[in-house]
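Biologist: Can you walk me through this one? I am new to reading structures, so please spell out the terms.

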Amino acid sequence: MTTAVRTHSVLVHAPLQQVFDYVSDLTRHPEWSDGELRIEAVTPGPIATGKEYHSRGEVLTQKERLNTLRVSHYEPPHRFGFMANDPDAGDVSHVFTFTEQDGGVLIERAMTLSLNPVVAFLFRVLVYPFVGSPSMNKSLAKLKEKLETP
């Protein structure tokens with residue numbers, strides 16, 4: 001298997017705790033995600049490592065694609081992560097780090113997945129540059145707008 005890591009970042013002008021609280025609430029991700037997405041908690045209680053969610057969303061041509069999400073990192077207000085179990089890609093890690101910078105908060109999102117070498121090559125040269133990267137950039141721009149709009 002080949003590990004692929006893709007990282008994107010955005011600088012948001014909002015308080016650190018507010019940014020962390022908003023991003024760590026997975027049920028709010030549909031508000032800024034690119035495409036159709038619904039996320040609901042499966043495990044009751046507050047956000048914590050191990051809490052589980054179900055997501056249903058649009059991936060390429062698939063509608064209502066089900067993923068199981070599990071919070072993997074919860075370190076307020078600097079680090080939040082979750083593992084998405086995707087039916088085709090397996091476990092996909094999403095880790096957000098939050099750093100105060102230039103009067104705002106730098107949000108860095110790292111997505112990590114393991115793929116067989118042929119699929120990893122296609123992911124790197126076709127899928128990510130033309131689909132994944134533009135989608136991620138659009139989502140982070142929406143996130144920035146949500147966090148900066150009173």
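**Rings, core and fold**

Modeller: Start with F20, which is buried at a relative accessible area of 0%. Buried means under 20% relative accessible area, exposed means over 50%, and partly exposed is in between, with a 1.4 Å probe and protein chains only. This is a predicted model, where local features need pLDDT of at least 70 and side-chain atom pairs count only at pLDDT 80 or more, while totals for chains, interfaces and linings use all residues. Residues are numbered from 1 along each chain as its sequence is written, and side-chain values use heavy atoms, leaving out hydrogens and water.

Biologist: How many aromatic pairs are there?

Modeller: Six. Rings of Phe, Tyr and Trp (its six-membered ring) pair if their centres lie within 6.5 Å; planes under 30 degrees apart are stacked, over 60 edge-to-face, and the rest tilted. F20 and Y74 make a tilted pair, 5.5 Å centre to centre with 50° between the planes.

Biologist: Where do F20 and Y74 lie?

Modeller: F20 is in helix α1 and Y74 is in strand β4, so their pair ties together parts 54 residues apart in sequence. Helices (H or I, at least four residues) and strands (E, at least two) are DSSP runs, numbered from the N terminus.

Biologist: And Y74, buried or partly exposed?

Modeller: Y74 is partly exposed, at 27% relative accessible area. The rings of F96 and F98 form a stacked pair, because their centres are 6.5 Å apart and their planes are at 10°. F96 is buried at 0%, and F98 is buried at 1%.

Biologist: Which residues have the most contacts inside the largest nonpolar core?

Modeller: F98 and I107, in a core of 29 residues. A nonpolar core is a set of buried Ala, Val, Leu, Ile, Met, Phe, Trp, Tyr and Cys residues joined through side-chain atoms within 4.5 Å. Helix α1 supplies the largest share of this core, five residues.

Biologist: What does F98 touch?

Modeller: Beyond its neighbours within four places in sequence, F98 has contacts (heavy atoms within 4.5 Å) with residues including L16, V19, F20 and I107.

Biologist: New topic: what is the overall pattern along the chain?

Modeller: It reads β-α-β-β-β-β-β-β-α, with two helices and seven strands. Of the 150 residues, 37% count as buried.

Biologist: Is H8 buried or exposed?

Modeller: H8 counts as buried, at 11% relative accessibility. H8 lies in strand β1, and its side chain makes a polar contact with the side chain of N137 at 3.0 Å. A polar contact is a pair of N or O atoms within 3.5 Å; within protein, one must be able to donate a hydrogen and the other to accept it, and residues adjacent in sequence count only if both atoms are side-chain atoms.
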